[in-house]
Every structure is written in structure tokens, then in C-alpha cells.
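Subject: Structure for your review

Dear colleague,

Please find below the structure that I am passing on to you. My notes on it follow.

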Amino acid sequence: MRTAYRVETVRAAEAELMATLPQDALMQRAAAGLAAACFSLLGRGHVYGSRVVLLVGSGDNGGDALYAGARLARRGAGVTAVLLGSRAHERGLAALRAAGGRVAEDPFEPLAVADLVLDGITGIGGRGGLRPDAVPVARAARGSDAVVVAVDLPSGVDADSGEIAGEALRADATVTFGAYKPGLLIDPAREYAGALRLVDIGLGDFLPSVPELQALQHEDVADMLPVPGAESDKYRRGVVGVVAGSARYPGAAVLAVAGALRGGAGAVRYVGPAGDAVIARYPETLVHTGPPAKAGRVQAWVVGPGLGDGPGVADVLASDVPVLVDADGLRDLDASVVRGRTAPTLLTPHAGEAAALLGVSREAVESERLGAVRELAARYGATVLLKGSTTLVADAGGGGPVRVNPTGTSWLATAGSGDVLSGLAGSLLAAGLRALDAGSAAAYLHGLAARRASGGAPVAAGDVASALPGAWRDVMS
């Protein structure tokens, strides 16, 4: 599992560690890891004679770049520093010059022929985008043929939120130190980070046990997924009820049922007007015309996909089993009703729906996704899965680590994929997973299935549903 920590937490851990070390020892550790990453990116045998440009700001981030540049220069690279701050790290600059590096008078001349650029303009404390004087240099770096490597964090992005308020320098790779920062894992900043590499500088013992953000890996999800035993029957595996679809959107019901069945549900009870379409595609579905309370035994409900103005939301929320609310079910959702439930609730909005629930603009949600998902979880007393380019899952109440899904793909931006996700997550709720785990595992499998189905080509929601068993096998193998 990848974990990420806020800037203040990382800084506190660094301060504790530095108190036990000689001057600049921590910076030298970071620089050694940064230089090693640069050696790898330049390629074995291609460091000597390569042209490296350091974009150096005033802070310790610039010092990291200077010390790494000194190591590259000692290996035969031609290293040029472009000083962009009011001052440069004195000892780092002296080390660079001692190793044969130089300082540029014209920042654009070395960038035009660079093989690799180290972005050390601003570090994890930077806010509000690049300063105006740094913007032309950053644009020149990005417009060159060089590989751009961010030092700890791409300059211009917010380390804690992933927000980009102004101009930022997009990197091909980011080498971060000690711990991941939330902004490296959350869009829009994630898109600016490129490939990530974490350098261990010894912070482990000084970081708290509870991070700000968690990104699950295969083994984490495998530990969550339910596997039927010899004594399992459909009720032990979990029966999920699906209230979805309408005369206008019968396909939403079909796709939600598909996600539930392919997600391992022992049985699916469908309630709504699209029963004929559901049975035609999945004859194993148990169909009822309603209301939900009379449909039979379920261990969890999914309500909302394609529902339009149809009934069912109030009935489902009044039940004493876990409930997932999606799409049309989120419209005019009463926070007091959700907070008053005794069983878990999982809300799965996209950015537009989240904006409506919070009473803010969609742009506000998309620019600060981490804050939005925490606020929703706190306001509604529910676990919230915020769909999007990086799906985030916050536990009920908004406390504890937020989980970020690393398997998402832009091919999931297609009609009906959210319906499949809802059914899948509902099946995991019915199997007994707590809402945070059900949402996180469902998002992970959903992303893997989309990657499997697409192979880099366009994919439809039904294809994603069909690929879910393969994604499940990938995780469990």
C-alpha cells in the first residue's frame, strides 16, 4: 500500500530526523536518490557527455537539485544551473561548482540543447503556481526535447491537495523523498507528476501510523475480497437489491445488475420498471415490481442508476441494511436522513453530483477533490466514493485516511461505467465488506477491468462488466 502524508507532517518528521544527523546529511540522501534516478533515465553509458540543466529555486528543493547536479557532473555530465530564486543554497552551489558545473547567464541557451532538466524551482511548501519570472523558463523546459524530472514535487502544484492554482511545470517523472505527498496521487496534479519514484531517506520511524492518503495495491485488495467456502450458499455470499432503471434508461438497470453479478453476488434482486430488459440479459436475476420492502431478503441495496424520478430511494434508505446511493438517487438527498441511518451508507457521486450536494461549482470540486470528498463524508455521515480521473473514497465522517484508486483509466469516461461500478460495490457490501473497503475494492477492480477490456482502445460499459472476473483473478493470483 502506498501512503501519503501532508506537508506539515513530512516537515515535522524531517525536523526530528535532522536533529540526529550532521548538517546537510538528509539533503545528501535525497540528492543521492535523485541522482540515481537521473542515471537510470539517461541510460547506462549515456551519463558522460549528457547535458543537464538544473532549475534552482531559493529553498531546500533547489539544494537537492544542486547536490544531485554535482553527482551528475562528477560522472561526466555537463551540468548547468539556472538560478531562479532570490538566493541559492550556498553549500549546494559550491558543491556543483567544485564538481565542474556552471551557472548560466542566459537561462534559455542551455535549455535548448538539454537532455535532462531537474525542476527544483519550488518544493512541497510552494503555493499558488509558479512565480511570473519562472514561467518563461518553465515553458522553455517543457518545450525542449529534454526529460523533465521534478525534485520532490512538480513546481506549481499544491502538495497537500493536488490543486493547480496558476501555471505549473509538467514533469515526465517525479522523484519524491521520504513519503508520497497527496498531490502526487490526486488529479489534477497527478497528471503533472509523470512516473513516480520514492526515495527512502529514513523518515519511516518519524511518520505517524495514520497517513492522509492510501493507495491500495493488489495484495491489499486481495485481502478484502470475499471468497466462498465449502458451506457457502447464495445468502452467505450476499444478496444485493438493485433499484435502478426507468422507461427512458433501462440500460442502467442492466449494467448495474451486470456489475453486481460479475462482482460475486450470490443473487441479485431487481426492483423497477426495466425487469424485462434485465431478465432478457440476465435470466438468473430475481425480478420484482416493487416496492423494495416487499422484494425479499437482501444484505445490501443499490439505488439510483437511471432511476429518473422513479420511487424507491426513501424506501431503501429506511431499510436496516447497507445502502449505496448513486446517480439519480443523489438528487435532493436529505443529509439528515442519511446521518440518521443505523446501517452504513455509501454515496458514489461524480464531480457534478458532488458539487450539487455541497452547493458549490463543479470546478471547485475538481480543483480540490480531497477537500470535497472529506466534506461530503462529514456532512452526510456516509462513506463517499468521489468518481473521476482519480477516484477517492472517504470513510463516514470524513476522518481517517482517504483512499485513492491507482487503477483508473480515461477509457472509463463512458456512459454506463458508473452503473457497473455501483452494482459491483453493492455486491461487496452485500458480502459483508465495510463501506470503505467495498468502495475501495470496487474502484480498484473496476479500473483493472477497464484496462483489461480496452487494451488501449475504446471500451463500452458492458465490456468493463464482462472483464470483471478477469480483474478479480488478476488480484487474487
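I begin with Ser144, which sits in the loop that joins α6 (135-143) to β6 (147-151). Helices (H or I, at least four residues) and strands (E, at least two) are DSSP runs, numbered from the N terminus. Please note that this is a predicted model, in which local features need pLDDT of at least 70 and side-chain atom pairs count only at pLDDT 80 or more, while totals for chains, interfaces and linings use all residues. Residues are numbered from 1 along each chain as its sequence is written, and side-chain values use heavy atoms, with hydrogens and water left out.

Ser144 counts as buried, because its relative accessibility is 13%; buried means under 20% relative accessible area, exposed over 50%, and partly exposed in between (1.4 Å probe, protein chains only). Its side chain takes part in polar contacts (a pair of N or O atoms within 3.5 Å; within protein, one must be able to donate a hydrogen and the other to accept it, and residues adjacent in sequence count only if both atoms are side-chain atoms). A polar atom of the Ser144 side chain lies 2.7 Å from the backbone oxygen of Ala141. The side chain of Ser144 also reaches the backbone nitrogen of Ala146, at 3.2 Å.

I turn next to the charged pairs. Side chains of opposite charge can pair when their charged atoms come close. A salt bridge is a side-chain nitrogen of Lys or Arg within 4 Å of a carboxyl oxygen of Asp or Glu, and by this rule the structure has 20 salt bridges.

One of them joins Asp160 to Arg6, with the closest N and O atoms 3.3 Å apart. Asp160 belongs to the loop between β6 and β7 (173-177) and Arg6 to the loop between β1 (2-4) and α1 (7-18), so this pair ties together parts that are 154 residues apart in sequence. Asp160 is buried at 9% relative accessibility, whereas Arg6 is partly exposed at 30%. Arg6 and Asp160 also belong to a network of salt bridges that includes Glu212 and Arg374.

Another salt bridge pairs Asp326 with Lys387, at 3.0 Å between the closest N and O atoms. This pair links distant parts of the chain, 61 residues apart: Asp326 is in the loop between β14 (323-325) and α13 (335-339), and Lys387 is in the loop between β16 (383-386) and β17 (392-394). Asp326 is buried, with a relative accessible area of 2%, and Lys387 is buried as well, at 14%.

Helix α18 (residues 435-454) has 20 residues and spans 28 Å from its first C-alpha to its last. That is close to the expected 28 Å, a figure defined as 1.5 Å times one less than the number of residues. Of the 20 residues of α18, 17 are buried, so the helix is largely enclosed by the rest of the structure. Gly455, which follows α18, has a positive phi, near 55°.

Finally, how many cavities of 30 Å³ or more does a search of the whole structure find? The search finds one. A cavity is a set of points, on a 1 Å grid over the protein atoms alone, where a 1.4 Å probe fits but cannot get out, and lining residues have an atom within 4 Å of a point. The largest cavity holds about 50 Å³ of space. Its lining consists of Leu216, Thr391, Val393, Arg403, Val404, Asn405, Pro406 and Ser440.

Yours sincerely

Terms used: 1 Å grid on protein atoms, 1.4 Å probe; cavity = no way out; pocket = protein on both sides within 12 Å on 5 of 7 lines; lining within 4 Å. Points joined across faces, edges and corners; volume = space filled by probe spheres on them.
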